[in-house]
Amino acid sequence: MLDTFSRTKLLLGEEAMERLRASRVAVFGIGGVGGYVVEALARSGVGSFELVDDDRICLTNVNRQILATRKTIGKYKIDVAEERIHDINPQAEVTKQRCFYLPARAAEFDFSSYSYVVDAVDTVTAKIDLIMRAKSSDVPIISCMGAGNRLDPTQLSVADIYETSNDPLSKVMRHELRKRGVTDLKVVYSTEKARRPIDDPSISCRYHCVCPPGTERKCTDRRDIPGSTAFVPPVAGMIIAAEVVADLTGVRNS
């Protein structure tokens with residue numbers, strides 16, 4: 001009998017689809033990368049989501065984030081993501097946590113309830129804590145390294161964190177995880193050398209922040225404002241989603 005996921009079932013099979021329906025995936029960060037992770041997992045038949053993000057959609061998100069359109073500017077990303085998930089699969093369960101994840105809030109999250117954790121946040125402190133919590137709960141996790149300031153999506157790849165190169169964020173993460181005794185971590189990273197954004201105050205959020213009223217973390221508070229495109233973060237998100245589906249189902253190219 002035909003259903004929403006029939007075309008996927010032709011490749012993965014009924015048993016794999018049932019595993020996806022029974023899975024609960026937590027996605028931390030629903031921006032340029034995480035938004036596409038959520039989209040692809042919803043279209044793959046994942047049955048339950050926990051979405052974690054504190055941001056509202058901004059005008060400058062429209063160039064690359066799947067949740068961002070002129071109609072959604074000012075709305076919370078997790079609210080728009082929930083609506084999209086239910087438009088795709090009304091049976092999917094969605095739990096939302098409207099917050100910026102930090103170690104101090106870890107007690108609010110039951111990592112043992114997740115089938116998989118996706119780390120698409122952009123701060124080292126949060127990334128490290130997510131990894132340590134997932135590892136201690138024996139839950140698989142995949143982390144996205146730097147996707148900003150890059151132009152070539154073909155240089156994105158999946159690797160263990162200790163096999164990465166030419167990525168400043170990966171270097172910091174390797175150092176911090178080694179100190180904590182973490183021996184392995186699946187990541188998506190780019191071998192492309194990051195470009196420096198054009199130094200033009202007239203187009204920088206640093207000087208002309210257009211974040212919607214009520215935004216807690218404005219661009220003016222951030223250390224760096226990276227440039228980004230419509231193709232590098234989305235491809236990173238799709239690669240992550242493909243890895244999550246493969247790990248949850250056990251179905252991979254031979």
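1. Helices (H or I, at least four residues) and strands (E, at least two) are DSSP runs, numbered from the N terminus. With that in hand, Val124, Lys127, Ile128 and Ile131 in α5 meet Leu169, Val172, Met173, Glu176 and Leu177 in α6.

2. Some ground rules for reading on. This is a predicted model, in which local features need pLDDT of at least 70 and side-chain atom pairs count only at pLDDT 80 or more, whereas totals for chains, interfaces and linings use all residues. Residues are numbered from 1 along each chain as its sequence is written, and side-chain values use heavy atoms, with hydrogens and water left out.

3. Back to that pair. Helix α5 (residues 124-136) packs on helix α6 (residues 168-179) at an angle of about 50 degrees, and their axes are 11 Å apart. Axes are lines fitted to C-alpha atoms, for helices over the stretch in contact, and angles run from 0 to 180 degrees between N-to-C directions. The two helices are therefore oblique to each other (under 35 degrees counts as roughly parallel, over 145 as roughly antiparallel, 65 to 115 as roughly perpendicular and the rest as oblique). The crossing of α5 and α6 is right-handed (the near helix is turned clockwise from the far one by less than a right angle). Their contact has seven nonpolar, no polar and two charged residues (Ala, Val, Leu, Ile, Met, Phe, Trp, Tyr, Cys and Pro count as nonpolar, Asp, Glu, Lys and Arg as charged, and the others, Gly among them, as polar).

4. Next, α3 (residues 34-44) and α4 (residues 77-88): they pack at about 20 degrees with axes 9 Å apart, and are therefore roughly parallel to each other. Val38, Glu39, Ala42 and Arg43 of α3 make the contact with Arg84, Ile85 and Ile88 of α4. By class, these residues are four nonpolar, no polar and three charged.

5. For α2 (residues 14-21) and α7 (residues 232-249), the packing angle is about 110 degrees and the axes lie 9 Å apart, which makes α2 roughly perpendicular to α7. Ala16, Arg19 and Leu20 of α2 touch Val245, Leu248 and Thr249 of α7.

Definitions and conventions:
Contact = heavy atoms within 4.5 Å.
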